[in-house]
Each structure stands twice: as structure tokens, then as C-alpha cells.
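My notes below follow the order in which I looked things up.

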2 protein chains.
Amino acid sequence: MSLPFTILLLLIFSTSPSYFISLAHSKIARLGISPRTLKNAPDGSIQKVDESDLKIFYFNQTLDHFTFTPNSYMTFQQRYAIDSKYWAGAKANTPILAFLGEESSLDSDLSGISFLRDNGPRLKALLVYIEHRYYGKTMPFGSAEEALKNASTLGYLNAAQALADYAAILLHVKEKYSTKHSPIIVIGGSYGGMLAAWFRLKYPHIALGALASSAPLLYFEDTRPKFGYYYIVTKVFKETSERCYNTIRKSWKEIDRVAAKPNGLLILGKKFKTCAPLNTNSNIKDFLDSVYAEAVQYNRGPSYWVTSICNAINTNPPNRKIDIVDRIFAGVVALIGNRTCYDTNMFAQPTNNNIAWRWQSCSEIVMPVGYDKEDTMFPIEPFNMTSFINDCESYYGVPPRPHWITSYFGIQDVKLILRRFGSNIIFSNGLSDPYSVGGVLEDISDTVVAIKTNGSHCQDIGLKSKEDPEWLVMQREKEIKIIDSWISTYQKDLRDLNISI
Amino acid sequence: MSLPFTILLLLIFSTSPSYFISLAHSKIARLGISPRTLKNAPDGSIQKVDESDLKIFYFNQTLDHFTFTPNSYMTFQQRYAIDSKYWAGAKANTPILAFLGEESSLDSDLSGISFLRDNGPRLKALLVYIEHRYYGKTMPFGSAEEALKNASTLGYLNAAQALADYAAILLHVKEKYSTKHSPIIVIGGSYGGMLAAWFRLKYPHIALGALASSAPLLYFEDTRPKFGYYYIVTKVFKETSERCYNTIRKSWKEIDRVAAKPNGLLILGKKFKTCAPLNTNSNIKDFLDSVYAEAVQYNRGPSYWVTSICNAINTNPPNRKIDIVDRIFAGVVALIGNRTCYDTNMFAQPTNNNIAWRWQSCSEIVMPVGYDKEDTMFPIEPFNMTSFINDCESYYGVPPRPHWITSYFGIQDVKLILRRFGSNIIFSNGLSDPYSVGGVLEDISDTVVAIKTNGSHCQDIGLKSKEDPEWLVMQREKEIKIIDSWISTYQKDLRDLNISI
């Protein structure tokens with residue numbers, strides 16, 4: 001799958017406080033773009049999607065489900081899509097597969113997710129895709145400009161409200177299709193994967209089960225090591241090429257050395273063909289951080305981005321001697337392609353989606369990602385919660401609530417808590433995905449299970465390709481078999497309890 | 001237990017829209033007082049409570065957990081009490097018993113609930129009692145006057161926010177007592193019983209289990225028959241005395257007949273010794289409705305209120321002929337005691353608690369209680385959702401959200417939903433409690449169980465008495481044994497998972 005999730009987070013977390021503030025003050029969003037714009041460069045052969053059976057709807061959604069003040073009754077139009085081509089109808093009690101949108105537009109999910117339509121015919125399922133509030137065309141307060149203005153309007157953008165939105169729409173869809181007992185399976189990836197798992201846990205009366213793909217829902221507070229993300233990034237580079245890893249590891253000092261020269265930033269800018277002059281060598285270092293993280297997170301066939309980057313970094317061009325910085329730049333070109341110039345801010349464009357996600361990262365989705373240990377290939381820069389809180393507070397006027405996610409959703413002690421509570425969740429993770437560090441990687445009970453592969457971020461729910469490796473084909477098959485077993489058990493329960501449609 | 005729950009609801013639901021509106025406009029709260037003020041009359045022998053080991057604390061609570069607008073960061077002081085006399089300390093991982101307050105003050109819970117302190121020594125438990133927001137001394141916005149003013153301030157008073165309050169305080173208590181893995185058992189009665197069950201379902205990572213006493217959490221929307229409450233009230237009267245039941249049944253027409261006479265209301269007022277002149281015969285009828293409902297809901301030994309009322313109604317005084325209305329009045333005196341005059345509004349005093357509860361009943365706790373069938377002893381008056389919504393909306397300016405509770409907590413299909421989801425909940429109900437109609441009365445799974453007795457409302461968690469019937473003693477024993485088994489299993493899990501303290 002191609003979610004902006006990582007990059008957005010990376011850019012929030014990987015730069016120094018002062019840089020953050022200066023950008024904040026200049027009103028430039030620091031959050032990334034969807035990697036799909038990159039992917040189209042190296043990977044040409046993705047499946048084409050037929051959207052002709054989709055119908056788009058808008059639901060009159062409540063702004064604030066959890067208070068009853070006059071303001072909370074404001075509504076907005078929430079976009080969702082339905083594909084009923086495969087559905088066997090209300091009487092058959094066949095399932096509803098519902099994709100719970102994450103921090104991107106419905107359009108990108110419709111073109112990037114194929115798990116639902118791939119399995120629709122087999123399950124005779126109704127397919128539903130819902131856009132997350134404050135993303136795409138689902139904008140409260142009448143316009144993105146108003147909605148994304150400040151904490152007073154952004155304050156209604158959070159996971160609990162989004163889940164309540166999904167509950168309302170799914171109940172509405174059931175009513176619309178006159179089906180009281182069709183089981184609903186929710187599916188989501190990355191942040192959307194957290195939402196899917198949380199939805200099953202908070203709304204078991206609405207969702208029978210959840211497929212949470214690459215959901216780093218344990219990457220909060222101190223549950224997992226803060227350097228875990230970059231540990232995996234490093235590991236994948238090292239496993240791909242020890243030489244490449246060593247070059248990158250050494251490159252940071254070299255960049256500092258060049259930058260420290262007279263006209264050093266000018267030289268550096270020239271070497272990296274930057275579109276704008278550099279203000280600091282951090283511009284390049286943050287950019288490279290994103291390039292490597294992006295490459296690992298979405299590292300997949302047929303082209304395998306990390307391999308492409310490392311091949312470029314390792315290559316000795318004929319008749320020319322190149323230095324470390326040139327090698328690093330060759331890696332950038334291998335990922336992004338040949339361009340007349342390179343925008344070091346390309347991962348932090350102030351798109352609406354990025355502005356919305358920055359708010360989420362600065363309010364409740366506070367994932368402490370840092371570089372604490374020498375054994376990553378990055379310079380040491382531990383995550384500093386105090387600075388983080390201060391930065392967010394000075395930008396938005398309100399501090400983050402870094403304990404809220406663990407208070408409200410809190411399955412940090414997942415083995416202890418879900419061992420005898422809850423059921424029907426698949427946590428799928430690719431161990432080469434840096435976010436797998438925050439994922440549930442062990443089976444918890446008979447029906448709360450972990451599926452691990454060697455893959456990258458959200459591959460299982462993304463687009464199919466003829467070149468998909470066998471393990472991916474088998475992973476998808478395993479997932480749908482598990483889901484099918486939940487549905488069979490549920491239908492047996494309906495019969496046992498004499499519940500008619 | 002002695003909660004105002006029923007009576008409050010009764011008075012909200014049992015009167016005609018026009019009456020409601022007129023009262024609303026005159027700013028007189030229509031909600032009841034705690035039956036405990038009554039109980040002290042017939043039942044003198046309740047256990048005395050030693051509160052000397054209790055310490056009172058105030059927690060700096062977030063006003064709005066579910067939005068992040070600047071306003072939501074306002075805080076208020078939430079009152080809670082701790083009794084650590086029995087606790088074995090953090091290292092022992094013995095449990096925390098937490099009473100989740102309902103729509104009354106902490107003081108009344110402390111003096112009316114003894115389940116915690118009765119079982120504290122046996123479990124070596126830390127005892128915690130938390131006051132519900134907007135009740136007692138737990139008042140946002142600085143004062144009751146501000147907090148209870150209108151929908152803008154009352155809007156933060158609802159069950160989801162209250163549960164998030166409890167989560168925050170319980171996590172705080174664990175931190176304060178340096179105990180990460182002491183299991184928490186939440187306990188509540190009536191509306192507080194719903195909160196306890198919902199808390200276990202929404203916060204399984206904080207509460208290991210819940211005892212939900214007399215929680216009518218299925219009495220929403222169309223899940224249970226709307227006349228169910230009054231069906232039980234009728235049944236208990238009929239079973240106590242067929243003659244008494246017949247007298248009450250016939251009395252409504254007789255009251256109408258007297259009221260229709262010239263000076264009829266004056267005559268009626270005189271017969272019932274009302275403190276103020278009657279405006280309508282509904283004043284008397286609503287008052288009687290509350291008397292009968294109250295009597296059944298809290299019908300218990302040693303005096304058994306329904307028996308007292310029926311004995312009085314059935315008695316033929318020597319040398320005097322009395323008519324139906326006189327007999328009915330004799331029943332009132334039997335419950336309330338001899339007074340110089342009777343305030344027909346006594347169940348609807350505009351106390352702060354009643355004002356707060358009226359808001360909850362008019363926003364989300366919309367329980368459709370009506371008299372639809374001839375087989376209650378009351379005049380037919382079906383619950384009318386449209387009128388109800390209109391009345392609440394014209395009073396508060398915002399309409400109720402009658403579907404919210406079922407959307408958010410929705411275990412209406414409880415057998416289907418909780419059969420394979422969730423664990424460790426006891427639903428206890430007395431079948432003579434009119435609210436048992438909305439309770440879970442069947443075992444759902446091995447650990448989601450129902451305990452039924454012949455008792456009345458919340459008897460199990462209330463004060464012990466030497467005269468308690470054997471079934472009540474056994475019920476309490478059964479409950480604590482079940483809770484004990486949850487704790488043992490949990491402690492075994494801790495060991496199996498090698499989780500240290």
C-alpha cells in the first residue's frame with residue numbers, strides 16, 4: 001500500500017526542534033507526500049483498477065459524537081463509496097467488507113487498495129470505502145481552509161471521532177441495504193490499520209472482525225524501543241549491501257564536512273542539484289533520511305527500491321572517480337529519477353492531507369521515533385518528548401496528549417489484555433517494514449492472530465501484480481481464509497440463536 | 001442500593017408533553033429525589049458505615065477527552081475516595097475494587113454501598129470510589145450554577161466522557177500506588193452498573209472485570225418492550241395482593257371522576273392532604289405512579305414496601321367506611337409516613353443531581369418507558385419518541401441522540417455479540433426490580449454471566465443487614481467467588497507471561 005504515514009511521521013520526528021519551529025512559523029507543512037508518486041517511477045507494472053462499479057455517496061456526519069453542546073451538532077459531508085456488484089443481498093447474510101480510510105483521500109485508497117475487490121466475488125461481499133474526516137473531500141466547516149485553520153477547528157480531528165464516524169456510516173449502510181445481520185469486516189492499513197483493530201475492539205457490535213495491516217499500534221509511549229524504526233531501516237540496507245550501508249553511515253560526517261567549508265552549502269546544493277539554495281545542511285540530511293526510510297518502508301518488487309539505491313551508491317562509473325557525497329546523490333536519483341533539480345522539501349509539501357496529519361501527530365498520535373543507538377546508520381538524535389510537546393504547543397497553542405492513545409485504546413500489554421478479551425483480529429506485518437517494530441507480531445489467542453512475512457508496509461492489502469512473490473500470494477490467501485472462518489462461525493451462531501435476517 | 005435512577009426516569013417519561021413543557025418553562029426540575037430519604041422511614045435497621053479509613057482526593061480532570069480544541073483542555077476537580085486499610089500493597093498484585101459513581105454524590109455512595117468494604121479484607125483490596133462528573137462536588141465550570149446552566153455547559157455530561165474520567169483516575173491511582181499490574185474490578189449499580197459493564201468493554205486494559213448490578217443496558221430503542229418496566233411494577237403488586245392490585249387499577253378512573261366534579265381538584269387535594277393546591281389531576285396521578293414504582297424498585301426486607309402499601313390499601317378500618325381514593329391515600333401514608341401535608345412534587349425536586357440527570361435523560365440515556373398494554377395496572381399512555389424529542393429539544397435547544405447509546409455501546413444483540421467477544425462481566429438482577437426488564441438475564445459465555453435473584457434494585461451491592469435473606473447472602477458470595485476466579489486466572493497469566501510487577 002502506499003500511505004503517506006511513515007514519511008509524515010519521519011519528518012515530524014526526525015528534525016531538530018529549532019528547525020521544526022522555524023518551519024512552523026513560516027507556515028510550511030513539514031509532512032510528506034504519498035510515496036505513490038514515487039512508486040510510479042520505479043514500478044511501472046501495477047494493476048489497473050476498474051472503478052466503474054463504484055458509487056460515491058455523502059453522509060451527513062455529526063461533527064462531535066462525544067459532547068452534546070450546540071456546536072457538536074454541526075454536521076459535515078463525509079464521502080464514501082460502495083461497490084455492490086458482488087453482493088449476494090440482504091437475505092444471504094454475506095459480508096460487508098469495509099475499508100476504513102486513513103490519512104489520505106478516498107481516491108488514493110480506491111486506486112491503491114485491492115484487497116476488497118480481489119475478495120469481493122469469493123465472499124459475495126458488499127464493498128464499502130470510507131474517507132477519514134479532514135482528508136480528501138471530507139472536510140468539516142465547509143472548506144479545507146476553515147477546517148485546517150487552527151486548534152479550534154482541527155480539534156475535532158482524532159481517532160475516536162473517526163471511529164464514531166465509521167460506526168455511523170456502517171449502521172447507515174446496513175439500514176440502506178436492509179441487512180441487519182450481514183457481518184462487517186473492517187480493513188485498514190498503517191494508521192488505518194490501527195483504526196481497524198481499534199474499531200473491532202470498541203465496536204464489536206458493528207464489526208465482526210478486523211484486518212489490521214502494518215498497524216504500529218504498540219509504538220506509543222515506552223512500549224517499544226524508540227530507535228526501532230531506524231533500526232529496521234538500517235537493517236534492510238545492511239542486508240541489501242554492507243558496502244552501501246557503510247557508505248551511508250559515513251556520509252553524514254562527510255556532508256557536515258562539505259557544509260562547513262567556505263561556500264559549503266552552495267557546494268552541497270550543487271552536488272544535490274537542489275531547486276532552492278540550502279539554509280542548513282539539515283535540509284539535505286532530513287531529505288536523505290526520508291529517502292532511505294521511504295525506500296525501506298515501500299521496498300518491494302519488481303524493482304526493490306533499496307536495491308536500486310544501493311546499486312547506484314555502490315557503482316563505480318567508468319573513467320570517473322566519485323566521492324561519498326556523489327554516491328549518496330546517485331542513490332537519490334535511483335529512487336526519485338532524473339530531474340532537472342531536487343526539492344529537498346518534496347516530502348513535506350503543505351498539502352491539505354499533510355497539514356491534517358501534522359495536527360494528528362502533534363495532538364494524539366505521538367509516536368516517539370528517534371535515533372538513540374549507534375547501531376543505526378543515522379546520526380544519534382534521541383526523541384525528546386519535552387521538546388516535542390513544547391514545539392507542538394507553541395505551534396498550535398495546545399499541547400499534545402501523549403498518554404491519550406494508551407489510555408483509550410491501550411493494548412500495550414497486548415498479550416496480557418487480549419489473551420482473554422476480544423476476538424477476530426488479524427495483525428499483519430512485513431518484518432522489513434520499519435513500522436513492524438510497533439506491530440503485534442505474535443498470536444495472542446485462537447482468533448487474535450499475527451501474520452508475519454518478509455514484506456514491507458501494507459503490501460497485503462495493496463494492488464496485486466503478476467510478479468507478486470509466492471509468500472505474498474499465500475499471505476493474502478491465509479488472511480481471507482481466516483476471515484472466512486470468522487464469517488462461518490458467525491453464521492452458525494445466527495442459526496444456533498435462531499436469529500433471522 | 002438506593003439510587004434516584006428510576007424515579008428520575010419515571011418522572012421524565014410518564015407525564016404528558018404539555019405538563020413537561022410547562023414545568024420546563026417554569027424551570028422546575030421534574031426529577032426525583034433519592035429513595036433513601038424514604039427508606040429511612042420504613043427500614044430503620046440499616047448497617048452503620050465507618051468512614052474513618054477513607055481519604056478524599058481531588059483529581060485535575062480534563063473537561064473533554066474526545067476533542068482537542070482549546071476549550072477541551074479546561075479542567076475540573078473530580079472527587080474520589082480511597083480506603084487502603086485492607087490493601088496488601090503493590091508487590092502482592094492484589095486487586096483494586098473501584099466503585100464507578102452514578103448520578104448521585106460520592107457521599108451517598110459511600111454511605112449506601114458496602115460491597116467493596118465487605119469484600120476488601122478477603123481480597124486484600126484497595127478500595128476506590130469515584131464521583132461522576134456533574135454530581136456531588138464534582139462540578140466543571142467552577143460551580144453547579146454554571147455547570148448546569150444550559151446545553152453549552154451540560155454538553156460535556158455524558159457516559160463516554162464519564163468513562164474516560166474513570167480511566168484517567170484509575171491510571172492515576174495505579175501510578176500513585178506504584179502498582180502496574182494490580183487487577184482492577186469495577187463495580188456499579190443501575191446507571192452506574194451500565195457504566196461498569198461498558199467500562200470493562202471499552203477499557204479492558206484498565207479493568208479486568210465488572211460487576212454490573214441492576215444495569216438496564218438493554219432498555220434502549222426497541223430492544224425490550226417499552227411497557228416492561230410497568231409490567232413488573234404491576235406484577236409485584238398483583239403477586240403481593242390481588243385485591244390491592246385491583247384497587248389501584250380501578251383508582252385512576254375514580255380519581256378522574258372526583259377531579260371532574262365541581263371543585264373536584266380541591267376535594268382531591270384535601271383527600272391527599274397536598275401541601276399546595278392541585279393544578280391538574282395529573283399531579284396526583286404522577287405522584288402515585290412514583291410511589292408505586294419506588295415501592296417496587298426498592299421493595300425489600302425487613303419491611304417490604306409493597307406489602308406495607310397493600311396492607312394499608314386493603315385494611316378496613318373499624319367503624320369507618322372508606323372509598324377507593326381514601327384507600328389509595330392510606331397506601332401513600334404507609335410508604336411516606338404520617339405528614340402534615342404531602343408534596344406531590346417530592347420526587348421531582350430541582351436538586352443539582354436531578355437537574356444533571358434530567359439532562360442525561362434528555363440527551364443520550366433515552367430509555368423508552370411507557371404503558372402500552374392493558375395488562376399493567378396503570379392507564380394506557382405509550383411512550384412517544386417524537387414528543388419526547390420535541391420536548392427535550394424545546395427545553396435545551398438541542399435534540400436528544402436516542403441512537404447514540406446503541407451505536408457506541410450497542411450490545412443489544414448481546415447473545416450474538418458477546419458470545420465470542422469480551423469476558424469477565426457479571427450482570428446481576430433482581431427479577432422483582434422493574435429495570436430487570438432491561439438487564440442481561442442469561443449467561444452469555446463462561447465469563448460473561450448473569451445472576452438472577454428474586455430481589456429488587458441493586459440489593460447485592462448495598463448495605464448488609466443481619467436480616468438479609470439467605471438468597472442475598474448467597475448471591476453476594478457467588479459474586480465474589482466469580483471475581484476471585486478472574487483474579488486468580490489473571491495472576492496465573494502474569495506468571496505464565498513472566499510479567500513482573
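**Ground rules.** I'm working with a predicted model, where local features need pLDDT of at least 70 and side-chain atom pairs count only at pLDDT 80 or more, while totals for chains, interfaces and linings use all residues. Residues are numbered from 1 along each chain as its sequence is written, chains are lettered from A and ligands numbered from 1 in the order in which they are written, and side-chain values use heavy atoms, with hydrogens and water left out.

**Strand E6(A).** Helices (H or I, at least four residues) and strands (E, at least two) are DSSP runs, numbered from the N terminus. I started with E6 of chain A, residues 209-213. How many of its residues are buried? I found 5 of 5, where buried means under 20% relative accessible area, exposed over 50% and partly exposed in between (1.4 Å probe, protein chains only). A:Gly209, A:Leu211 and A:Ser213 sit on one side, A:Ala210 and A:Ala212 on the other, and both faces are covered.

**Its neighbours.** Two strands pair if DSSP finds at least two bridges between them. E5(A), residues 184-189, runs parallel to E6(A) and is joined to it by 5 bridges; here A:Ile187 stands opposite A:Leu211. E7(A), residues 425-430, is also parallel to E6(A), with 4 bridges, and A:Ser213 faces A:Ser428 there. I also traced E5(A), helix H9(A) (residues 191-202) and E6(A) as a right-handed β-α-β unit: with the strands pointing away from the viewer, the path from the first strand over the helix to the second runs clockwise.

**Helix H12(A).** Next I checked residues 264-271, where A:Gly264, A:Leu268 and A:Gly269 are the buried ones. They fall within an arc of 135° seen down the axis, so they line one face of the helix (the arc is that of the directions from the helix axis to the C-beta atoms). A:Leu266 and A:Lys270, on the other side, are exposed. The buried residues pack against H11 (242-260), H13 (281-297) and H15 (324-336) of chain A, contact meaning heavy atoms within 4.5 Å. Just after the helix, A:Lys273 has a positive phi of about 45°.

**Two chains.** How does chain A lie on chain B? A turn of 180° and a shift of 0.0 Å along the axis does it, with an RMSD of 0.0 Å, superposing by least squares on C-alpha atoms of residues with pLDDT of at least 70 in both. That is the relation of a two-fold axis. The same surface serves both copies, as 100% of the contact residues of chain A recur in chain B. Within chain A, the C-alpha of A:Gly422 comes closest to the rotation axis, at 2.5 Å.
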